[in-house]
Amino acid sequence: MTALVAQSFNIKGIVQGVGFRPWIFQLAKRFQLKGHVLNDGQGVSILVQGPEMALAGFRAALDTERPPLCRIDELTVSHAQVQDLQDFTIAHSSAGQAAAIVTVGSDKSSCDACLAEIRDPNNRHFGYPFTNCTHCGPRYTIIRNLPYDRHNTAMAGFALCDACRQAYEDPMDRRYHAQPVSCPKCGPELTLRGAGGEILAKREQALAQTIALIEQGKILAIKGLGGFHLICDAGNHDAVTELRRRKCRPAKPLALMMPSIEFAKQYAEGSSAEWQLLSSQERPIVLMAKKQHQADAPALSSAIAPDIDRLGLFLPYTPLHTLLLDGLQRPLVATSANRSGEPIITDGDEVLQQLGKPPLAVVDAVLDHNRPIINGCDDSVVQMLDDELQVLRLARGYAPLSLPSKSLASMNIVSKSLANRSTEDNCSNKLPSLLAVGPQQKNTLALNIGNQLYLSPHIGDLFSVEAEGYFERTLQNFHRLYRFEPEAIIRDKHPDYASSRWAERQSARQLEVQHHFAHLLAVMAANDYSGKVLGFSFDGTGLGDDNQLWGGELLLADCQGFQRLATLSPMTLLGGEQAIREPWRLLYSLLLQNHDIEELQQLAVFAAEPAAKLANLGKLASRGIGPKSHSIGRLFDAAAALLANLRLSQYEGQAGIILETLARRAIAAGKQQRVEKLGLELKLEHELEPTNSRTELVFGQWQSAPLFSALLQAWRTEPDSELLALAFIQAIGKGIITAALKARNWLKAEGIDELPLVLSGGVFQSRLLSEYCHRELARLEFHRLKPGLVPVNDGGIALGQLWYGLHQPGLTQSQAER
């Protein structure tokens, strides 16, 4: 008789809600093993028993196979006692009392099998807008608590019909324990309501009338996975312009949902990597190049992305969107349902309250359904830099983002909140639990459970009561899911950020992290790296250690702190924050350093301003009155004021987008060879000898005023805005490369081995700038740490704050002493 062996497996990662248990069941049956598998608060636990060769085959399959949405972060195996087992079963889940460390999966778009079913008249899911299985559908947006079981989700109130229960309980069915599973007999249903709240139609008729209203040019709010979209016909210019008017969104580009890849290719051009990204199961909004209009393609409204050469496209990601687009067969504008600058709305009644009532009515009707959205989640926005993915907004499909850290797993620190766990737990449970609350704009939250780092979906700008409420609700979601109590809170150095004020009201210990330092730390965390780096941190604003506004920084940094090696020469923000809204003020401030007022009054960009106003601003500049900014982002604003006459910035990043559009036109026209002849430079100069003092700039300052004097002279000589936009962007890029080479030589002279290089901050969302830098750094054989799925803009700051906190000896030692 063959001897039996028993083994216990504990698996952590994305292993709940992705068909992992039925796959384990099928593996056990294949190798004729006995035992059980169950979900718990840590992940999945497995007991298998059988001949040693069969267990070896089972173990090998764990490494080489796996369901498509599964991700194993940690797998531990131990010997178990042989028992009298009769079969292999899927046991009921166990929640446990300890803090949960299972990774909550992100929502995924409909799989091909489910899409085929909703289009098959002979299938019971035909036309059903909530069809899903273990390979697709909602996860994060419907979960209330862990483990991920139906009673812990938004589906708790929907009893399964016999057919759905049979599929749900059959381990060989792809709907086995797919928690949102349902059908027309037992699941959620659609309701179409008018702007006044009256019910217009339900179920199939609700969808049919929605299609008819869109064809009539109406604007509707339609419920997606993580919130509502405002939707209208993208080819109806009147509808698009009316949507802009009602939403008070005059210029910011609107996203387009396309019926299919084939439709999208009529309007956009892209690489094979971009098309793959567009059709990936994450279904993000992908920024792609506009294509010249084709006569056989339905025309898009010119108001969708005015004056720029990019479109934000995405494909249907739920059965509801698929059925809607199947019926319409035309592109739709699909933008977040909210008032401008506020969070996405997740509740139908709130849509009616905020967007349905005169005189601020935005929607004509609301397509709602009765499956609650437990956790709001906006659409992700991404772009490709050559063949490298860059995430601009981390949300649906990618978030919550979980990053297991092998380096942190080796830190021998006992967390007070985890101290009651078994001493047999591995060292990933021996870290303090920290919360990082992020910045003011593009806010996200970050926390850790042991060595697992979590970055929340995009929350947004914290400039309103509603936004701050969304911030607190997201925090409550993570507290509820992970039973999480932070031992310390890490925040931005700026005391007036809403997130900083919230942190100050809490009783937990506080740590501050400088904004631009956190940008670099975020990329370090994405690479599980804690050594030294050379980092370029370029963005629009952030409070520096000297209480000036930084944003053009070269830092030598590690997880303990940083040394400021170089910065952009300061400019005065004439009028304070008004200068950010009116970029001509920034241009005026820069040019006044080398030109007189009378000369500048002749420029078109200043001609609309009264002479007395310009004279008064000149006096302020000469006296140095006003906030000082070292921001590269503000340079882009000033350049757009000169080259595109951008006098009023209507949305964040508008200047950079306009400059990129102009520069790409220059490239398309073959003007690259003329750039060198212009001689534009962002020079790095130092009046003093280089020093190692932490209070001095080792390499000095990038000189912005001479760059703009040269730009003005070139503009007067040849007012080619396209050529000069390209020359400006490349001047910034060359300034970065020159500084990187200077830093490399300096480090070598100091006896320091060459360090990895980091590019982070919102300025590096400029595709042309980043691609130029990436290519040049690769050519010069620099090792660059890539951000991966972590946004380079302020959406990654919270992760950087968390990475800093987890490497502070003072904090971690104090926890160990307890």
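Modeller: With a definition: contact means heavy atoms within 4.5 Å. The model here is predicted. By that cut-off, five residues of domain 3 are in contact with five residues of domain 4.

Biologist: How is the size of an interface given?

Modeller: Often as the accessible area lost when the parts come together. Domain 3 and domain 4 bury about 410 Å² between them, with 57% of it on carbon and sulfur atoms. On the domain 3 side, Gly341, Glu342 and Pro343 lose the most area, together 70% of what that side buries.

Biologist: How many salt bridges are counted between domain 3 and domain 4?

Modeller: One. Separately listed is a salt bridge between the side chains of Glu466 and Arg339, at 3.5 Å from N to O.

Biologist: Now the sheet. How do strands pair?

Modeller: Through backbone hydrogen bonds, either parallel or antiparallel. In this model an open sheet of six strands, with mixed pairing, runs in the order β18-β21-β20-β19-β22-β23. Its edge strands, β18 (401-404) and β23 (509-513), each pair on one side only.

Biologist: In which sense do β20 and β21 pair?

Modeller: Antiparallel, over four bridges, with β20 at residues 446-449 and β21 at 452-455. Leu447 stands opposite Tyr454 in β21.

Biologist: Which strands does helix α14 lie across?

Modeller: Helix α14 (residues 515-526) lies across β18, β22 and β23, at about 95° to β23.

Methods. Residues are numbered from 1 along each chain as its sequence is written. This is a predicted model: local features need pLDDT of at least 70, side-chain atom pairs count only at pLDDT 80 or more; totals for chains, interfaces and linings use all residues. Side-chain values use heavy atoms; hydrogens and water are left out. Two strands pair if DSSP finds at least two bridges between them. Helices (H or I, at least four residues) and strands (E, at least two) are DSSP runs, numbered from the N terminus. Axes are lines fitted to C-alpha atoms, for helices over the stretch in contact, and angles run from 0 to 180 degrees between N-to-C directions. Buried area is the accessible area (1.4 Å probe) that two parts lose on being put together, summed over both. A salt bridge is a side-chain nitrogen of Lys or Arg within 4 Å of a carboxyl oxygen of Asp or Glu.
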